[in-house]
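Student: Could you walk me through this protein with me asking as we go? I would like plain words, please.

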Amino acid sequence: QAASAAKSEFLATMSHEIRTPLNGMLVVAELMATADLPKQTQRYAEVLLTSGQTLLAIINDILDFSKIEAGKLDLEHVVFNLRTTTAEVIDLFAESARRKGITLTCETGGEVPTHAIGDPVRLKQVLANLVSNATKYSEEGTSVQVVAEPDPRGQEVLVSVSDQGIGIA
């Protein structure tokens, strides 16, 4: 019981200590992303803002550890732009892939709806982990692809990440 109470107190403290500076960074990133800056600098600010927002959402879930322990982590069911969400993940890794000499692409078939219902934060989190690993373990001159296509029933969209690196098929 003492360990559980200590863990809860630690998480509450860390929640505040981590979120406060992160929110400050997000405000500045948003100001930079909307400022009149050179195109490349503005693009960096947009990636920083998107990455920070994703990080904040993940931190919010990690710091609410009691939900995870209790098996009550709820997935959102909101309408979101599927094409934008997958493209944002590609944007996060585009520069590092380019420096490594890896082609990074995102293919979304015309029959895939623009909007979907689901949890965009979780989708980004999973895709970011997969694309990060694919990029990390792929060799120069290879490619990493994110492909979205409708399932045969038309009620779901299948999103896959493929690469030519070592690891899990």
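Student: How much of the protein is buried?
Tutor: Of the 169 residues in the protein, 27% are buried, where buried means under 20% relative accessible area, exposed means over 50%, and partly exposed is in between, using a 1.4 Å probe and protein chains only. Please keep in mind that this is a predicted model, in which local features need pLDDT of at least 70 and side-chain atom pairs count only at pLDDT 80 or more, while totals for chains, interfaces and linings use all residues. Residues are numbered from 1 along each chain as its sequence is written, and side-chain values use heavy atoms, with hydrogens and water left out.

Student: OK, and how many helices and strands are there?
Tutor: The protein has 5 helices and 5 strands, and along the sequence they follow the pattern α-α-α-β-α-β-β-α-β-β. Both are DSSP runs numbered from the N terminus, with at least four residues (H or I) for a helix and at least two (E) for a strand.

Student: Where does strand 1 pair up?
Tutor: Strand 1, residues 78-81, is joined to strand 3 by 4 bridges, and the two run antiparallel; two strands pair if DSSP finds at least two bridges between them. As one example, Val79 has Ile117 in strand 3 as its bridge partner.

Student: Switching topic, what lines the largest pocket?
Tutor: Its lining has 20 residues, and those nearest the centre are Ala116, Ile117, Gly118, Glu156 and Val157. Strand 3 (115-118), helix 5 (120-137) and strand 5 (157-163) each supply at least two residues of that lining. A pocket here is an open set of points on a 1 Å grid over the protein atoms alone, where a 1.4 Å probe fits and protein lies on both sides within 12 Å along at least five of seven lines, and lining residues have an atom within 4 Å of a point.

Student: What kinds of residues are they?
Tutor: The lining divides into 12 nonpolar, 4 polar and 4 charged residues, where Ala, Val, Leu, Ile, Met, Phe, Trp, Tyr, Cys and Pro count as nonpolar, Asp, Glu, Lys and Arg as charged, and the others, Gly among them, as polar.

Student: Now Val147, is that buried or exposed?
Tutor: Val147, which is found in strand 4 (residues 143-150), counts as buried at 19% relative accessibility.

Student: What is Val147 in contact with?
Tutor: Leaving aside neighbours within four places in sequence, Val147 is in contact with Glu107, Leu158, Val159 and Ser160, where contact means heavy atoms within 4.5 Å.

Student: And where is Thr50, and what does that one touch?
Tutor: Thr50 lies in helix 2 (residues 39-63) and is buried, with a relative accessible area of 15%. Not counting residues up to four places away in sequence, Thr50 touches Glu88 and Lys124.
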